[in-house]
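Please read them with the structure open.

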Amino acid sequence: MTENGNSAARAGAAAVADDGPKKTVKLNIFRGTEEDGKEVEYEVELAEGMVVLDAVLKIQAEQEDDLAVRWNCKAAHCGSCSAEINGKPKLLCKSRVEEYEGQEIHVQPLHAFPIIKDLVSDVSWNYEVSKGIKPFTSDEQAPFTMYEEDVERLYEPKKCIECFMCQDVCHVLRTHNKHEEFAGPRFFVRNQWLEMHPMDNQDRLEDVKEKDGVGLCNITKCCTEVCPVGIKITDNSIIPLKERVADEYYDPAKWLMRKIRGRKSMTNREAEAAKNGN
Amino acid sequence: METNGSRNRENFEVREHDVLIIGAGGAGMRAAVEAAGKGLSVGIVTKSLLGKAHTVMAEGGMAAAIGNVDPEDSWRQHFIDTMKGGKFINNWRMAEIHAKESPDRAYELEQWGALFNRTPEGKISQRPFGAHTYRRLAHVGDRTGLELIRTMQEKVLATDTKVYMETTVTKLLQDASGRVVGALAYTRENGKFIHYKAKAVVMATGGWGRIFKVTSNSWEGTGDGAILAYDIGAEMVDMEMVQFHPTGMVWPPGVRGLLVTEGVRGEGGVLKNSEGKRYMGDYDPERMELSSRDVVARANFSEVQAGRGSEHGGVYLDITHLGYEGIMQKLPTMHEQFLKLADVDIAKEPMEVFPTIHYTMGGIKVEPEHCATTVPGLFAAGECSGGLHGANRLGGNSLSDLLVFGRRAGIGAVEYVEQNTHGTDIPEADVQTEIRRVLDPMERTKSDKDESPYLLQSELQDVMMEHANLVRDEDALKEGLGKILAIKDRVPNVKVGGNRLFNPGWHTAQDIKYLVQVSELIVRCAIERKEKRGSQWRLDHDELVDEYGSINFITKKGPQGEVEIERREIPPMPGHLSELLDESAKGAKV
Ligand SMILES: Cc1cc2nc3c(=O)[nH]c(=O)nc-3n(C[C@H](O)[C@H](O)[C@H](O)COP(=O)(O)OP(=O)(O)OC[C@H]3O[C@@H](n4cnc5c(N)ncnc54)[C@H](O)[C@@H]3O)c2cc1C
Ligand code: SF4
Ligand code: SF4
Ligand code: FES
């Protein structure tokens, strides 16, 4: 129990006898702006199964009505509540308080972007990058015939919830501030499914190389480690794009094939048919 | 552009668009794409970041009678299912349009890059869902909403639409003749005011699940759009109709109300009580777990009432028969959600579930063809509008609704703009008055009457849980109404600290008036509808009453600010539709 006796502690003292004293948890939350901010310690009553977002919202409702935090779904589906817990990007709604038992809990905003206030950073740059990516384009008319085996590998990149935690952790952005030259892992994930979609006939490889700067990635895999939906960003998105860029630029035969075929890839069954010569 | 205010005047920005869209869920974005595609200048405003609206949370799928899995399916059967599910008080023309156009909207999504699960023939796969006669829901695992919203978001970003993220509209602005010519808003980041001038406005702000404590909705679902429209005289339809989804999470407390997708039952999940009995046979032996949501919600509620509930006061939902592999293919998100948040491995043990407030069928009344409201210049689509779903919405019918009527609202707005040459000016005094009102909770001096917006919201949620929940009766509703009106009187006392910089307390202070007003409308209509129909379950009138089957309750703001309620006859259905319902009543599938 704290000395300053905040509301949670008072609630604890008033708890019915047979419950025993209510357990509380302390959180150190970044308060303030980019220019002027510091961590402040709060204490809240612990509830069963509580996630860090619950604790933050409880502090907001009971102690600090202007504490800024983003959230929507509370179920790890929307990617709004990303922040840094003890220096690692996390979804606040998916991080159980009890995981940090015996440790201090420090909650900070994403640091690869300008901090607006408290746990909220200005992520608008990501939407600018997104706008610059050539959208899905197909000359064929839906409904498409595409088989599960043609699209299987697209489900993974399409799971992205745009939490931007991979962007936060990538040193090219976070340490080297190459926001002008580098789109970041999230957008290689997007480029990857677009490039591999069997019905898409847009060419993005030049952009991936020149504008999005895929070459700046040195495959540290930090992005993959933090992705909350388990996208293997480095292995399944970035490396294949790097390979395609290499092929495109250094293998004129492949380049010619693409130009002739129009679409970038055939469905597996088309490929099978081509192999069998019909 | 910048209008510099002098003393006593607040600065505000002016932004002009042909069409202003309020809300960037599926409905708003589909409307934006339509209007921008016609070359109009379009602005779209959203309270959160792009791609985070409720639409992203939809799991189960989008209903469209494309007949890929069950070729017998047709728009006719989809129409019948929707009308039956809505207990026949739906707007039949909307139900017809919806059933006919959903397939094209699903194909259109695919054309724009959305990826649905496939059938062995390489077509869009479809899964069964409650009260849909055939397997009808296009889906991708249990994250269909994410696919829909991301596709629409990328489509919107590919147009010239101007997106205003984290911006809250607080008022619709009207010219002297009463037509809507814009809106006032502020940015959440720093509290800058924006006066949007627009020739037409499309409302697409979603529902109001947040009036209840246990809900699947996020902080955004506070009914802003419905009440902004109501406040300027728009008619509302069947506001008493609030959907209780049969399966929300119950434990741990922090996740109470989070949705467990109907996809679980679609994939064969069974409901059991604490005695291990599969009880749906007692409530709907034919459709069992795949009965309509109102029926399953009542069943789950009744089992717990009868003392056959689970450890934490729910019932059991068991999907273990699918096995780990099957679950990871069909319901991966659910697996993760339960494992991470509730320590339950749904491949090995059942989930605990209980009804949660999920969706609002009632809403702004619109004309079915192009979603015009009863106020000129204002259109509405998606969950904030009413009519399509009647007394109960079928699962999957919302995602299709968003696209079908989002598109039509866009067309309506475009036509309206083309046919009208009115100006969009309003007196600056109107803007200043509204700005003062919005700033009041922050700038007013402290007093001992001050109230916290969070606690007032929470108090209202408790009242709605107690008095206007799944089971209702006249006495409880009337008592609830008294409490709501008492809270309404306290709304002006809401006071917050901090400044304009990203201040959630201040933002929450804006929402409370919508929550209270929408609650009042719901309770008043629930008192009037003395029967059991769809989601309206009156214990003191525990049966379907024919008389109510042919009327909608229309609410409107009266001259003194009071709520006017009118019983309005539903216009007779044309022969080609009533024949379908007659056939179906005889047991035929059409
Ligand atoms: C957990 C969950 C699962 C669901 N699953 C399914 C499903 O499987 N199938 C199905 O068909 N339906 C499902 N639904 C229902 C469906 O998702 C929603 O009904 C639908 O997404 C609503 O879309 P919308 O476009 O009307 O509004 P929303 O997606 O709710 O968007 C509302 C928009 O309006 C904005 N807004 C609100 N107020 C203001 C304001 N004052 N100023 C500015 N902007 C404002 C918000 O910021 C947001 O951008 C589900 C709902 C939930 C909550
Ligand atoms: S693998 Fe590449 S993109 Fe990912 S964090 Fe490392 S450098 Fe950044
Ligand atoms: S790829 Fe993963 S970490 Fe990156 S934004 Fe998407 S979900 Fe987040
Ligand atoms: S609130 Fe949606 S991911 Fe955490």
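Predicted model: local features only at pLDDT ≥ 70, side-chain atom pairs only at ≥ 80, totals over all residues.

1. Chain A in outline. Chain A holds 12 helices and seven strands. Of its 278 residues, 54% are buried. Counting contacts in chain A between residues at least 6 apart in sequence, 63% join residues at least 24 apart.

2. The nonpolar core. The largest nonpolar core has 258 residues. A:Leu27, A:Leu92 and B:Phe79 have the most contacts inside it. Helix α14 of chain B, residues 504-528, supplies the largest share of this core, with 13 residues. As background, nonpolar side chains in soluble globular proteins tend to be buried together.

3. Around A:Leu27. Which residues does A:Leu27 touch, not counting residues up to four places away in sequence? The list is A:Val40, A:Glu41, A:Tyr42, A:Val44, A:Val52, A:Ala55, A:Val56, A:Ile105 and A:Val107.

4. Helix α2 of chain B. This helix, residues 75-85, is mostly covered, with eight of its 11 residues buried. The buried residues are B:Gln77, B:His78, B:Phe79, B:Ile80, B:Asp81, B:Thr82, B:Met83 and B:Gly85. B:Phe79 is also one of the residues with the most contacts inside the largest nonpolar core. The cover over the buried residues of α2(B) includes β4 (62-63), α3 (92-111), α10 and α15 of chain B. Just after α2(B), B:Lys87 has a positive phi of about 55°.

5. B:Ser584. This residue lies in helix α15 of chain B, residues 575-585. Is B:Ser584 buried or exposed? B:Ser584 counts as buried because its relative accessibility is 8%, and the cut-off for buried is under 20%. Apart from neighbours within four places in sequence, B:Ser584 contacts B:Ile80 and B:Lys84.

6. The largest pocket. It contains about 1300 Å³ of space. Of the 45 residues that line it, the closest to its centre are A:Leu57, A:Trp71, A:Lys74, B:Arg210 and B:Gln461. At least two lining residues each come from α2 (52-62) of chain A and from α12 (453-467) and α14 of chain B. The most is given by α2(A), with six residues. By class, the lining of the largest pocket divides into 17 nonpolar, 15 polar and 13 charged residues.

7. The second largest pocket. Its volume is about 1000 Å³. There are 39 lining residues, and those closest to the centre are A:Lys159, B:Arg143, B:Met328, B:Pro332 and B:Thr333. The elements giving two or more residues to this lining are α4 (148-158) of chain A and α8 (323-330) and α9 (332-342) of chain B. The most comes from α9(B), with eight residues. The lining of the second largest pocket has 17 nonpolar, 10 polar and 12 charged residues.

8. Cavities. How many cavities of 30 Å³ or more are there? The count comes to nine. The largest cavity has a volume of about 810 Å³. Of its 50 lining residues, B:Ala53, B:His54, B:Thr55, B:Glu383 and B:Ser398 are the closest to its centre. In chain B, α1 (26-37), β8 (167-174), α5 (224-231), β15 (351-360) and α10 (397-419) each supply at least two residues of this lining. The classes in the lining of the largest cavity are 19 nonpolar, 23 polar and eight charged residues. Helix α10 of chain B is also part of what covers the buried residues of α2(B).

9. Ligand 2. The residues around ligand 2 include A:Cys170, A:His171, A:Pro185, A:Cys217, A:Lys221, A:Cys222 and A:Cys223. Two or more residues of this shell come from each of α9 (222-226) and α10 (233-250) of chain A. The shell has seven nonpolar, four polar and one charged residues.

10. Ligand 3. Around ligand 3 are A:Cys160, A:Ile161, A:Glu162, A:Cys163, A:Phe164, A:Cys166, A:Cys227, A:Pro228, A:Val229, A:Ile231 and A:Ile233. By class, this shell has 10 nonpolar, no polar and one charged residues.

Technical notes: Residues numbered from 1 in each chain as written. Chains lettered and ligands numbered in written order. Heavy atoms only, no water. Near = heavy atom within 4 Å. Helix = DSSP H or I, 4+ residues; strand = E, 2+ residues; numbered from the N terminus. Nonpolar A, V, L, I, M, F, W, Y, C, P; charged D, E, K, R; others polar. Core = buried A, V, L, I, M, F, W, Y, C linked by side-chain atoms within 4.5 Å. Buried < 20%, exposed > 50% of the residue type's maximum accessible area, 1.4 Å probe, protein only. Contact = heavy atoms within 4.5 Å. 1 Å grid on protein atoms, 1.4 Å probe; cavity = no way out; pocket = protein on both sides within 12 Å on 5 of 7 lines; lining within 4 Å. Points joined across faces, edges and corners; volume = space filled by probe spheres on them.
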